[in-house]
Amino acid sequence: MNRYVKTALLAGAAWSALSTFAMAQDAGPQEGASSVDDVIVTARRRDELLKDVPIAVSVIGEERLEQTGASDITALQQQTPNATVQVARGSNSTLISFIRGVGQQDPLWGFEPGVGLYVDDVYVARPQGAVLDIYDVQRIEVLRGPQGSLYGRNTVGGAVKYVTNRLSSDPELTLRGAYGSYNQIDLMASGSVPLADNFRVGGAIASYQRDGYGTNINTGAEHYNKDVLAGRLSAEWEPRDDMSIRLAYDRVQDDSNPRHGHREVAGATPAGAVLPSVYDTNAGIGDDNSVMNQGASATVQLDLNDNWTFKSITAWREGDTDTVIDFDNTPTPTLDIPAYYADDQLTQEFQFLFDYDRMQGVLGFFYLDGHAEGAFDTILGGAGIVIGTGGAVDTESWAGFADINLDLTDRLHLGLGARYTLDNKRGTVFRANYLGATNSPLLGGTARPPLLVRTNYTNEKDFSQFTPRVALSYDLSDDVTTYVSFSQGFKSGGFDMRGDAIFTPDTVNGYDPETVDSWEIGLKGALDRLTFAASVFHNEYQDQQVTTQVPAIGGIASFVDNVGSSTFYGAELEGQLRILDNLSASFAIGYLNSDFDEFLRYNLATAAYEDISDLVVLQNAPEWTGYLGFTWIGDVAGGDLAVTPSVSYRGDYSQFEFPNPVLDQQAYTLVDLSIVWTDPTDRFTLGLYGKNLTDEEYRVGGYNFAGALFNNSLIGYYGPPQTVTASLKVTF
């Protein structure tokens, strides 16, 4: 059956069933009816009721995060349909995100994520240090589908918004401690104090320590451990009744050991044996790793009159990473990668928000000035050489945008959005072979001339894109809204920082932007005891950017190509059902069907591009994802006891576009249980959290370097094993 017909049938069935019920409920209020009127989001850059936003948005609030024991932002993956939010391979704090099969897992400088990350409306351009631990957070919003009009470049898959708590007008202090499996010790303190009626200061500091899930057998060091210190300072001032100023600073220091992964197949030497524990390694490159990420922002809001508000968001961020990854997992330098990354960015956004009787919206301007650089060595002990790679990319981006909502009638609304983005990028890439299987001069190794210069160029390109959005929504009742929308997302082009001009001469020309066109039908609201959001979507992915590395004579060939196009469609349903007054169920179901229409791959032997779309699949795109959790709340010892058992499911998925039975992950299920008790005064909270109670082993990443030169290095990276954590929170 034609994929368009399938999409139409799926959309029609879902919309018809729910909307018929919704209109039937409009006769009057129901006994014990639930409401979504208190769920406020900023998905369209302004405060709105969740049910009024014609976008697929998942919202996880502070209470839900505490009930489920979410430790960091990767917890979103379990509770959000069609989402991948994971720690990147070889890292403890680098983030990879995919939404509806669209994203980017390569964290190298110059490559840009396909899912935008925002902290209090500040864009975080680089993924290093972006696995944000959950502390001092009000809510997390996950915007699914392209967000090209309001959020712009690099939101082809969607956006994740991390919203921190605002400061209280009364003195507050919260202390939290936790102890758990693998000697986990978490300590957090947050608070605020008013220095005047219109001026408050506050902050939070958190320390996360944990022994490793495994061991580096070669060095004795912890493997998959955690050593993170994070902090945030803020100040809020209202110099006038119509003006507010918020200053914020945050910093994360991650000194956890590097993750070298687990060898999935045996190598040619005894040291390359497959170790019994998937968390153990036999790596010899070392255990030094450091990631720092920090930033500051100033947000100014001024009410110009009863209808117009001006908002300015000025932000600066920077990050530094020094790391090592042993791709062969043996004591010898068969395939060792020492590396450093550094980046900084300055962003400025101006917004003019307006609200008239039948028209609301925002007009704005965005500017980014970013620099990212780095270097890494590919140490090939079998060849007696090292391939040194270094470079930088400078980005200037300008964008103007508008998003307007028109109330055509009391129930019919038209949303119009548009953005024009202009990016200027300047890339410098150097790649050379050096004799000797030790660090190259790029990373402080012995000074020596290159044996062979493989790449050495500087190039500059402009990329521009107009991204529209149109949405028509209709209020079926006071509590239920349906909508249909079209939106486009755009991810900028750039230069391949690994590009090898000997193997692929075209690398000096860079690669072009990619776009996603998305059509969506949605229904959201409340029906008696059910709060829900449903959506059906159809996406067309054009000029898709794909990163691959393959073994080649004398080294490794890297490709970042606009491989072609893919088409995918799917459906999502999430919500909460109040079964009894003290028992509720939360659920999320995602379905995704994807196929490549064209996949052009450069053939090193023929020096020509070939369409191999019948051999590839979309990575990190399981067909089914699901979540079901129950929460029972009762009176125990005078306080509230919340018990939350939950189960999440993730179907089969491929780590890369090229399926590999050794590295690809089969479907798996995670079972969690949380028990939280709050005393009658709301001052003390005790929590007990069990994660992955069935001790499921599942891969979250991998590397594929088969062949004799690399000692047949197929490496897997794994999610956390079974853990139990107890916590105590005290509020003053």
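I take a nonpolar core to be a set of buried Ala, Val, Leu, Ile, Met, Phe, Trp, Tyr and Cys residues joined through side-chain atoms within 4.5 Å. I note at the outset that the model is predicted.

**Entry: cores.** I looked up the largest nonpolar core and found that it has 37 residues. Within this core, I list L108, W109, F327, L335, M497, F705 and Y717 as the residues with the most contacts. I then checked which strands supply at least two residues each to this core: β21 (336–355), β22 (359–380), β23 (385–407), β30 (555–562), β36 (668–678), β38 (699–705) and β39 (713–718). I also recorded a second, separate core of 23 residues, which includes A70, L76, V119 and A130.

**Entry: L108.** I set aside residues up to four places away in sequence and looked up what L108 touches: R126, Y341, F376, M497 and R498.

**Entry: overall fold.** I counted 3 helices and 40 strands in the protein. I find it as compact as a globular protein of its length, because its radius of gyration is 26 Å, close to the 27 Å that the globule rule gives for 732 residues. Along the principal axes, I found that the C-alpha atoms fill a box of roughly 75 × 55 × 55 Å. Of contacts between residues at least 6 apart in sequence, I note that 68% join residues at least 24 apart.

**Entry: burial and surface.** I recorded 58% of the 732 residues as buried.

**Entry: charge.** I looked up 48 positive and 95 negative side chains. I find the centres of the two sets 1 Å apart.

Key. Residues are numbered from 1 along each chain as its sequence is written. This is a predicted model: local features need pLDDT of at least 70, side-chain atom pairs count only at pLDDT 80 or more; totals for chains, interfaces and linings use all residues. Side-chain values use heavy atoms; hydrogens and water are left out. Buried means under 20% relative accessible area, exposed over 50%, partly exposed in between (1.4 Å probe, protein chains only). Helices (H or I, at least four residues) and strands (E, at least two) are DSSP runs, numbered from the N terminus. Contact means heavy atoms within 4.5 Å. The radius of gyration is taken over C-alpha atoms; the globule rule is 2.2 Å times the number of residues to the power 0.38. Lys and Arg count as positive and Asp and Glu as negative; His and the chain ends are not counted. The place of a charge is taken as NZ of Lys, CZ of Arg, CG of Asp or CD of Glu.
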